Amino acid sequence: MTVRGTRRRGRLLLPLTAAAVALALASCSTTDPGTGTGDGTPVRGGEIVSVQSGAISSWHPGAVSAAQTFQRMQAVYGLLMYVDEAGVVQPSIAESFETEDGGKTWTLVLNEGVTFTDGTPFNAEAVKFNWDAIAEAGLGGGVANSFQSEVIDELTLELVADPIDPTLAYRIAESLTFIASPDSLGDQGVEYSTPVGAGPFILESADAAEGEEYVRNDDYFVEGQPYADSFRTVIIADPAQRTQTVIQGGADMMNGYEFWFDDAIGNPAVEMYRIESGGFRNFVFNTTAEPFSDVRARQAVAMVIDPNALVQANMSDPTLEGSTSIFPTQSPYYDAKFELSADLDAAQKLIDEVLADGISPDVKLLVPAAPENLRTSELIQLAVQQLEGLNVTLEQVPLSDWRTIAFANDDFDISFYPGIYDLNPVSTSLPNALGTDGRENFSNFSHPDMDAALAELRGASDEAGRKAAVRAIQEVFVEQLPFVPFAVDYRTFLLNSDMQNVVSVRPYILLTDQIWFANQ
Amino acid sequence: MLLIARAVGWRILVAIPVILVVTLGVAALTDLMPGSPGLAILGENATPERVAEINARYGYDRPVFERYVEWLGGVFRGDFGTTLFGNVPISDVLFKRLGVTLQLAAFGIVGALVIAVPFALIASSRPGGIVDRVMDSVTSAIIAIPTFVMVVLMSLVFVVWLGAFPATGWVPFTEDPLMNLRFVALPALTLALNECAYFYRVLLADMQSTLREDFVLVARTKGLPRKYILWRHALRPSLSSLVTVLGLTVGRLLGGAAIVEFFFGVPGLGAEAINAVSIKDMAMVQAIVLLCVVVYVLVFILVDLAYAWIDPRVSVR
């Protein structure tokens, strides 16, 4: 190009050219995605980058609040024990945690030879120290205050639960699974910010706006693990931006709802990993007001809803399939015979009988205001309106007022439940949801057969007994239908497709010690 | 020179009470929280002993004036305290974030000027022409789009459709200049687009007014080229409104373009302010407010000086 014109033009040319070059360089495409899969043999190396929505506010082992905290703490502290995808408690740093008297006394045995990264031993004293500190600080959801512990020997701790608690293993796996070095923790509370644990990684640096960096713990108690050399978190508040960051290769993993990941569909650089969360979506009947005080009316409505349509509308995902079971397929309590089936003719017959008995045909369908709730509730309304004789009116209320209106005042006939029912652990969740005095018995349901089956569950001392009791509960449930589930809840991870050996534990995090990358 | 020094000194003196009132107000806000700051920080499940401990540690159990005076003393020593979680000196965090925001703001403002000034000159020299009409519509549209919509649109076009820029992230310039440019490009372009519409309209209005002045007519009758008249004669006297808007913009952006930083994951002052508010780190909030007030004061001192440079008839007092 010939430079012509006045000196004035020449003054502009260089900076403009420099700016153009800079912009061109800046817009170069991102890293190429990896291709192919590993041959199954873990490969050392690489960095796991997890994108999170916010910073961790406290490293105190009792300050576990959400999945994003749990993920980071798993990296630094490891897990004493955890709840796997099927809802079963598995030991990790603990060798075992058992009860032989139905939950009164528990014995924790630790694996031998585990040390914190400051060199101090991970022993029974350390566990007791942490749990006592959590109890004193009022953290851990009160679980640490529900038992007394005593050190038996270097690796053994005995717990006495008060009151008796057959679900203590779950509760500890969810709330007390992180153990910090007592020398490091000292008497600090939530301001504890220099975590020392026995996990697969060691916290190297933290920035509240950018994220944290962790390096491999070469003395991790599982030989050969972690496979990655480092772990890093990147903080991005907006879910769409988090998704784009993973798609572009700026991060390797994030968790979220599947409808966030539409842009990832068909992209070979990423994969979706879906887990049944153990919870389900549902709508609730008011069993103390007409018409749904009559079980026939409840059965009729259950027979006309289309669970596929409901979940697709609720989650804005046309590929999802509904389910009318209160347990996901992976649960040991799942039984296909307890799924509900559709039958419009049979439903209409039931409604005709109900109306002939003089029961009110007016149905108030309460909707906690949010677009996805309204979409789903409108479909419920359409489904119920197929039943001739019923008059359905839809009423939206603010989400913040919904619980009071629906469940404190019982001012509804059907209500879409804007959340997830999670029935794990069954020993406490089922009585809460279905027992006459259950804290979460929003349908005001009360039935002697159900209470009897729940009493059997509470008294069950082994898994066989629990399964038998849950079967009896489900039999009463599908007959009485205080609420109607229409979909299991999924949590989905968006992952770098080179990631191998992805293992998820509740609350929906990945085990960073087990991940390795193909195509390094 | 003496006059300028006196003018600057007077403005700084007048700004001191403003700084004191604003920062005292922020300090007093903590006392207006329901419960206590310690309870707000730890949450409802915290034991009373823990709450009392946090209140004592951060001085929230003392009267606001006593706390404020102690804080002020620390500020004069360069000690803003430490972050709520992490115990990192606030000054370290602030200067790190300020550097990022300065870079982003600088790129955004320069970008906005690079777009706005040439178009304003062209449009003012040909009123009703194609550039004037197109820019009228474009700038109206840009002004009508709120920032929280603009960031989404920019991301959709440049990240999702074109794949031209990374969605989020930041690498410091000192670590890797090229990667830094890659990450700053889209947030800076977003800021530039947001601001250029205002710059364009303000400059266009002043240029149109200036071009009607007699001295411009004289320059034309002398046969001077149009571009020369625009750049050498008309532009400078038309800058006063633009300088004012520029000052407001600089002050606002240096306080942190919160939405842009938040959305694109840029670790600047705006993102830090959002984080500090969400975790109730009052010391950090107070430090950021102080920084913003000081920035505004300095910017408007510069704006006043700029007026004198633009129009030598204006003296700075």
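**Figure 1. Burial and overall form of chain B.** In this predicted model, 37% of the 317 residues of chain B count as buried. The C-alpha trace of chain B spans about 85 × 55 × 35 Å along its principal axes. The secondary structure of chain B consists of 14 helices and zero strands. Among contacts in chain B with a separation of 6 or more, 69% are made by residues 24 or more positions apart.

**Figure 2. Helix α1 of chain B.** Helix α1 of chain B comprises the 28 residues 2–29. At 1.5 Å a residue, this helix should span 40 Å, and its end C-alpha atoms are 41 Å apart, so the two values agree. The helix α1(B) bends by about 25 degrees at B:A15. A proline, B:P17, follows the bend within four residues.

**Figure 3. The contact between chain A and chain B.** On each side of the contact there are 32 residues: 32 of chain A are in contact with 32 of chain B. On the side of chain A that touches chain B, the elements giving two or more residues are α1 (7–26), β8 (201–207), β10 (230–235) and α6 (239–248) of chain A. Sorted by class, this side of chain A has 14 nonpolar, 13 polar and five charged residues.

**Figure 4. Strand β5 of chain A and its two partner strands.** Side chains alternate along strand β5 (residues 105–110) of chain A. Strand β4 (residues 94–99) of chain A pairs with β5(A) in the antiparallel sense over five bridges. One of the residues involved is A:S96, whose bridge partner in β5(A) is A:V109. Strand β7 (residues 156–161) of chain A is also joined to β5(A) by five bridges, and these two strands run antiparallel. The bridge partner of A:W106 in β7(A) is A:L159.

**Figure 5. The turn between β4 and β5 of chain A.** β4(A) and β5(A) form a hairpin, with five residues between the two strands. In the turn, A:G102 has a positive phi of about 75 degrees.

**Figure 6. The surroundings of A:L340.** A:L340 lies in the loop between α8 (307–315) and α9 (344–356) of chain A. This residue has 18 C-beta neighbours inside 10 Å and therefore counts as partly exposed. Apart from neighbours within four places in sequence, A:L340 is in contact with A:A302, A:T324 and A:V478. A:Q188 is 152 residues from A:L340 along the chain, and the C-alpha atoms of these two residues are separated by 52 Å.

Conventions: Residues are numbered from 1 along each chain as its sequence is written. Chains are lettered from A and ligands numbered from 1 in the order in which they are written. This is a predicted model: local features need pLDDT of at least 70, side-chain atom pairs count only at pLDDT 80 or more; totals for chains, interfaces and linings use all residues. A residue is buried if 20 or more other C-beta atoms lie within 10 Å of its own, exposed if 12 or fewer, and partly exposed in between; C-beta atoms are placed from the backbone. Two residues are in contact if their C-beta atoms, placed from the backbone, lie within 7 Å. Ala, Val, Leu, Ile, Met, Phe, Trp, Tyr, Cys and Pro count as nonpolar, Asp, Glu, Lys and Arg as charged, and the others, Gly among them, as polar. The expected span of a helix is 1.5 Å times one less than its number of residues. The bend at a residue is the angle between axes fitted to the seven residues ending there and the seven starting there. Two strands pair if DSSP finds at least two bridges between them.
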